[in-house]
Amino acid sequence: MTEESMDVDVSMPTNAVEEYLRMERMPHIWCPGCGIGSTVNCFAHALEASGLDLKKVAVVSGIGCTGRVAGYLKLDSFHTTHGRAIPFATGLKLANPELKVVVYSGDGDLTAIGGNHFIHAARRNVDMTVILINNFIYGMTGGQVAPTTPVGATASTTPYGNFEEAFNLPYLAESCGAVYVARWTAFHVRHAAKSIKDALLKKGFSFVEILAPCPTLYSRRNKLGDGLDQMKFYAANSEIQNDADTKTVGLTFQGKIVVGKFVDKDKPTYLDSMNNFYIQKFGDRYAPYKG
Amino acid sequence: MKADPKGVMTGAFFIDGDHACAEGAIAAGCRFVAGYPITPSTEVVERIAERFPLIGGIFIQMEDEIASSIAIQGAVWAGKKAMTVTSGPGFSLMMEHIGLAAMTETPCVFVDVQRAGPSTGLPTLPAQGDMMQARWGSHGDYGIIALCPNSPQESFDLTVKAFNLSEQYRVPVLLMLDECVGHMTERVVIPPADQIEIYPRRYWEGPREGFLLYKAGQDGVPPIVKAGDGYNVHVTGLTHDERGYPVMTAAAQEKLVHRLVDKIRLNAEAIIEFKEDQVDGAEVVVVSFGITSRVAIPAIEQARQDGLKVGHLRLITAWPFPKKRIQELSAKVKAFVVPEINYGQMVHEVERSVSGKTRVVPVSHGGGSVHNPKDIHGAIVNSLKG
């Protein structure tokens, strides 16, 4: 663990985040040992620490296990189509720049079917926070191979093992233009909450990847034990390397996991660029766009 | 209410149907357009891109049509009126999001300037081959509205109407141009803003407590709120209850989907618009829409000169279809002749309405040009033989 200062309080009792949840929708659909719920807990604490006006926070999800997050958060929440949370969020943000727009979805949703939208939103530096829960697999549909499945891991559609190289998501996000990039695991709840808070308060396209156990469809098939075993694995094999070169943080099957805050830089957002450009172009004829 | 004068380009202009569509959107209050370049629709977004910066609008060229067709829905939930514009291949890509808009009752406008397909087909040449896709393209059951202008003037007028209907019924409205109407240049009169009727968004005005996002009123349409207003809305493409929460049962499906279909079906007579010419007393009625309704005119005039009693019914609303009117006429006429630039789409709806009571003659055309009026004339003459 680092000595990095933690201004996010995660010592509250577990029901402390209830005010952020639609409790009438409990119990949730996630399996025992699934890491998604832990990340929602981190998100709620991050929201609290951020001081954001919750009325102005909107969460957009795609489809899949993590896609269900939007439905459990007591915020304006949108459960869209598979892979398309980011373009929906783009419309939401550009139409009302006062909103803090968060995309909360899974690895398959955001980087396979939604990969094109991910890279373009990062390129445009649309002001949004993307929280990607990476469980290395398509959970909702029964454990199929994902663009994040490590070589050598087994999935229902790679019954002999996966031979396709996986995405290194922090590297992808940084190279496409993200201004904030961090990776943690569901074990690193304090760090993850802190990173989410920082990402929420960052102007521009911020990206937080959180690795999470999928005991039902990833760990079991790969004989990695249950959710707790995966958490122990994360604890033993993660190495915090803040500011690491994202080229070097690719993941391998049950190999070392480099976590940390990798990128934190400033760049004009899409709307800032647009307004600045048009003010130069049109002068007083242009009223800066505010929504 | 009346249109916001900001941006309404009142006056008489010589512009094409694509440009007129862009002006119609602006007059209707649209301030968010997302699109992806595709012939023959691109001129719509080009004009929007030029006009929007100085009237407070946002145009964004997205990475594809899939993104465009959902970015507009995000914008709507943030409070904007929004539109996307495309042609056949892009329209195919947008189908899932037409379903999402129908399911989540997101008022928005999709413009399809039709070209010949299937696939890449004839990108620069006309067709009317997307009419059934407009009705049934997304999976599952839902009601939809589709309008078919036949001139640049009507492209302006019906774009305004498309926005109004989308707000009134909280439904995606499809504006089905064809390449000819899109690229045809004619006189277009844009009225003063105070002469343009605008149907405002049906925002909830009651108490905050107990508000239900999907509790419909008498007309089957629920009121709406927007993100940021503190309602903590949940909007999902899953089957949902009146709170908007997912419910995975046949009973919830029946309740929701039945209403999505009924809100258009039961309001059809109020939505439907068509124009008739000499239909009363006609032996043959030509049913047409879009550019084909203009190509049919010399054929109809020739047949009238031949001594035949020929009426003309022009669809302005393709969906919902004026089934009742066609049923009434089917008891009186000897035949319907249905020319369209496809191998038979709206003709199926005429046949369904006629239900065997009288003859229905399609005049098919694979696309790439308009009909030769002689073919329509020949069909009118032959429809009365034997």
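Colleague: In E10(B), which residue is the bridge partner of A:His79?

Modeller: First, this is a predicted model, where local features need pLDDT of at least 70, side-chain atom pairs count only at pLDDT 80 or more, and totals for chains, interfaces and linings use all residues. Residues are numbered from 1 along each chain as its sequence is written, with chains lettered from A and ligands numbered from 1 in the order in which they are written. E2(A) and strand E10 (residues 234–236) of chain B run parallel and are joined by three bridges; two strands pair if DSSP finds at least two bridges between them, and strands (E, at least two residues) and helices (H or I, at least four) are DSSP runs numbered from the N terminus. Within E10(B), the partner of A:His79 is B:Thr236.

Colleague: Which element of chain A gives the largest share of the side that touches chain B?

Modeller: The contact takes 34 residues from chain A and 37 residues from chain B, counting two residues as in contact if their C-beta atoms, placed from the backbone, lie within 7 Å. Strand E2 (76–79), helix H3 (85–95), helix H5 (115–124) and helix H10 (270–282) of chain A each give two or more residues to that side. The largest share, eight residues, comes from H3(A).

Colleague: Which strands stand at the edges of the five-stranded open sheet in chain B?

Modeller: That sheet has mixed pairing and the order E11-E13-E12-E15-E16. Each edge strand has a single partner strand, so one side of it is left without a neighbour in the sheet. These edge strands of chain B are E11 (274–277) and E16 (359–363).

Colleague: And in E16(B), what is the bridge partner of B:Pro339?

Modeller: Strand E15 (residues 335–339) of chain B and E16(B) run parallel, with five bridges joining them. In E16(B), B:Pro339 has as its bridge partner B:Val363.

Colleague: Which element gives the most to the side of domain 1 of chain B that touches domain 2 of chain B?

Modeller: The domain assignment of chain B gives domain 1 (1–271) and domain 2 (275–383), with bounds that come from an automatic or database domain assignment. Their centres, taken over C-alpha atoms, are separated by 28 Å. The contact between them takes 25 residues from domain 1 of chain B and 22 residues from domain 2 of chain B. On the domain 1 side, the most, four residues, comes from H6(B).
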